[in-house]
2 protein chains.
Amino acid sequence: MATIKDVARRAGVTISTVSYAINGTRPVSEKTRAVIFQAMDDLGYRPHAMARALASKRTRILALLFSPLERGLGLTELEFVTCAADAAKERGYHLVLWSTEIHDEEDIRHLSSQGLVDGAVLMEVQEDDPRIGFLQDLKLPFAMIGRTAAGEGLLSVDIDFGRTLSDAVDHLVGLGHQRIAFLNQSREVYDSGYGPAVRGLAGFEAAIQRAGATGYRVFAHANPAGGADAIGELMNDHPDVTAIVMMNDRAIPGVIQALSERSLTVPEDVSLLSVASSPRVAEMFVPALTSMDVPSEELGRLSVEYLVSTLEDRPAEGGDLVPCTLVVRGSTGSAPQSL
Amino acid sequence: MATIKDVARRAGVTISTVSYAINGTRPVSEKTRAVIFQAMDDLGYRPHAMARALASKRTRILALLFSPLERGLGLTELEFVTCAADAAKERGYHLVLWSTEIHDEEDIRHLSSQGLVDGAVLMEVQEDDPRIGFLQDLKLPFAMIGRTAAGEGLLSVDIDFGRTLSDAVDHLVGLGHQRIAFLNQSREVYDSGYGPAVRGLAGFEAAIQRAGATGYRVFAHANPAGGADAIGELMNDHPDVTAIVMMNDRAIPGVIQALSERSLTVPEDVSLLSVASSPRVAEMFVPALTSMDVPSEELGRLSVEYLVSTLEDRPAEGGDLVPCTLVVRGSTGSAPQSL
DNA sequence: TACCGTCATCGAAACGTTTCGACTAAGCGT
DNA sequence: ACGCTTAGTCGAAACGTTTCGATGACGGTA
């Protein structure tokens, strides 16, 4: 493989000049630059990533941190990954996957101490995420998908739950629904302060209030049985509900089954709207679920962009909130006329 | 950050001795080794990945190639990714994500020419995959998840479709089913020679034959409508079918709906068995689907292990086939008594 | 005693870049 | 005609490893 030395020789200049021409670190005359680029072309030269990294102390490699435990990665998270990789590539960076127990400090330290990565993107951020402390100690720049409780000046992108739930409720109210339930994650998850669960519910309540409708809330474990139980509870307490906003992908099958067992059809008797889920999930059901799709592409992309900007001394603001977009499928319809 | 130099000084030896002690490249006396490791510990020393790569010409970074187009990554593929990353980590390697159009030679060349990666793992391999040629030209070692048509001596892991379909059919026959349908991918996909579609069907036919049962075959597009159409066709031609083996995740919702529209219940009237799918998918339905789960962990892991072995001059055999494992859930039951 | 092979260690040269200080020649104001 | 800046280039020293050839000490064999 051709090295910078070969290019220099062929162009009749020294290697430092070639380096300046490539990186624009110092001025190079128009004429010389042309000769150098010609030589590079002729030789099919590509800078050697490792050598460059060693000398410049910048690897142009980013780590994507995710924790395998927890609820496990889903389709939505998968899109973060691929979109983040694309975004990184566009900016000349690479993305390495780093799956690590969320509390394993040694493991995270290991990652950075080798000098392998310039920065990190954190997925599945928790309200009180221990990784953030580790990263700060290591002085490793990072961006988050999600937010911590405090979120003080850290780089992050997150779903705009306020706006998302507001849009969701508006859609239902627009169809004539007045008694709407919010099916959240489990109470344990909510109590632990998991961001989406907390912010989602808050957004829902605010939206309901603004719309002058009546809201019910119910929690469900992240599995079909949890969904079924939740519907049982809900229908027992509030049999007059006509629409359910769900923010719990895995509970959905149970919800649907429980409704059909009660001879309630979707969307004639009850409208269903899935929030912060992926189209792939929504289309698994019959009828396909109307949903507020997560802007995973944007989240993945923005997080990388923030990080790269910071690394290249173009400090980014961060803290952006992007709303989910409403996609109407078959599970929402006009509220039933009579009760 | 401590360097090898610091370690050497503290241990009272030269850097080359330290290097030998770390890598085991040459013998080092027990006493010296102890002193060196002590020094490393004291200083919290970690070899600098880039420097090591530059000097040894081995980066210990592997690329994971996937093409964004196609049918899009699903939950099963996601598991490949995370498991491959874990396996790589265990062996001291890193995994970078490289999403590339399957035919984009320049892009693949770009990847290797920088000397960034030692080898590649290919996901979603096609029967006649152009990437393989590129990689061979570049002399970049690689392993595949899936197989090409020829598969001549290339490193690969794949699902053992013969064994898997055989187990699936046996399970159903054991429940008394005698007329079993195989719901494949679409005819187009099958005709294009997509490996799983071809090998799956072949395995099914062989298993049916061996079991002395009757087999029907039907194709479906990878979406709910496709599934519904397929059931329509199947029930029209062969209303006596009592079990369906499905190898088409995305068509499943349509299948279930079409069955219920015909007042056929699962599993009382018809047993459903999903092949080569992920538990996550199987549990989305009511009743949860009995399935042959893809050993994604093993596939991801093995592919990395093969590649690493080859890189470290322990040539691997490759070409392993691993079967899916049967997980009985609620969608299969005894064949209906009468017809 | 002289010689040879091992074992353990040393010193120095790579690996392919970036970057710093220095040098030259040209352009400027005075 | 003088010094001063500036654009353009050079040479050499990093960056932190691995690896090769050489060296010295030691024990065994002739």
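## Close-up views of a predicted two-chain model

**View 1. The two chains and the axis that relates them.** A rotation of 180° with a shift of 0.1 Å along its axis superposes chain A on chain B with an RMSD of 0.4 Å, the copies being fitted by least squares on the C-alpha atoms of residues with pLDDT of at least 70 in both. That is the relation of a two-fold axis. In chain A, the C-alpha nearest the axis belongs to Val96(A), 2.0 Å from it. The same surface serves both copies, since 100% of the contact residues of chain A recur in chain B. This is a predicted model, in which local features need pLDDT of at least 70 and side-chain atom pairs count only at pLDDT 80 or more, whereas totals for chains, interfaces and linings use all residues. Residues are numbered from 1 along each chain as its sequence is written, chains are lettered from A and ligands numbered from 1 in the order in which they are written, and side-chain values use heavy atoms, with hydrogens and water left out.

**View 2. The interface of chain A and chain B.** In this interface 47 residues of chain A are in contact with 48 residues of chain B, contact meaning heavy atoms within 4.5 Å. The area buried between the chains is about 4,200 Å², 66% of it from carbon and sulfur atoms; buried area is the accessible area (1.4 Å probe) that two parts lose on being put together, summed over both. Arg46(A), Met50(A) and Met284(A) supply 16% of the area that chain A buries against chain B, more than any other three residues.

**View 3. Salt bridges and secondary structure at the interface.** Across the interface of chain A and chain B the rule finds 3 salt bridges, each defined as a side-chain nitrogen of Lys or Arg within 4 Å of a carboxyl oxygen of Asp or Glu. Lys89(A) forms a salt bridge with Asp107(B), the closest N and O atoms being 2.8 Å apart. The elements that give two or more residues to the side of chain A that touches chain B are helix 4 (49-56), strand 1 (61-66), helix 5 (75-90), strand 2 (94-99), helix 6 (105-113) and helix 12 (252-261) of chain A, where helices (H or I, at least four residues) and strands (E, at least two) are DSSP runs numbered from the N terminus. Helix 5 of chain A gives the largest share of that side, 7 residues.

**View 4. A salt bridge within chain A.** The side chains of Arg301(A) and Glu90(A) meet in a salt bridge, at 3.1 Å from N to O. Arg301(A) lies in helix 14 (residues 296-311) of chain A and Glu90(A) in helix 5 of chain A, so the pair ties together parts that are 211 residues apart in sequence.

View 5. Most residues other than glycine have a negative phi, and most peptide bonds are trans. A cis peptide bond, with omega of about 5°, joins Val266(A) and Pro267(A), and Pro267(A) lies in the loop between helix 12 and strand 9 (271-277) of chain A. In chain B, the peptide bond from Val266(B) to Pro267(B) is cis, with omega near 5°, and Pro267(B) is placed in the loop between helix 12 (252-261) and strand 9 (271-277) of that chain. Arg60(B), although not a glycine, has a positive phi of about 60°, and this residue is found in the loop between helix 4 (49-56) and strand 1 (61-66) of chain B.
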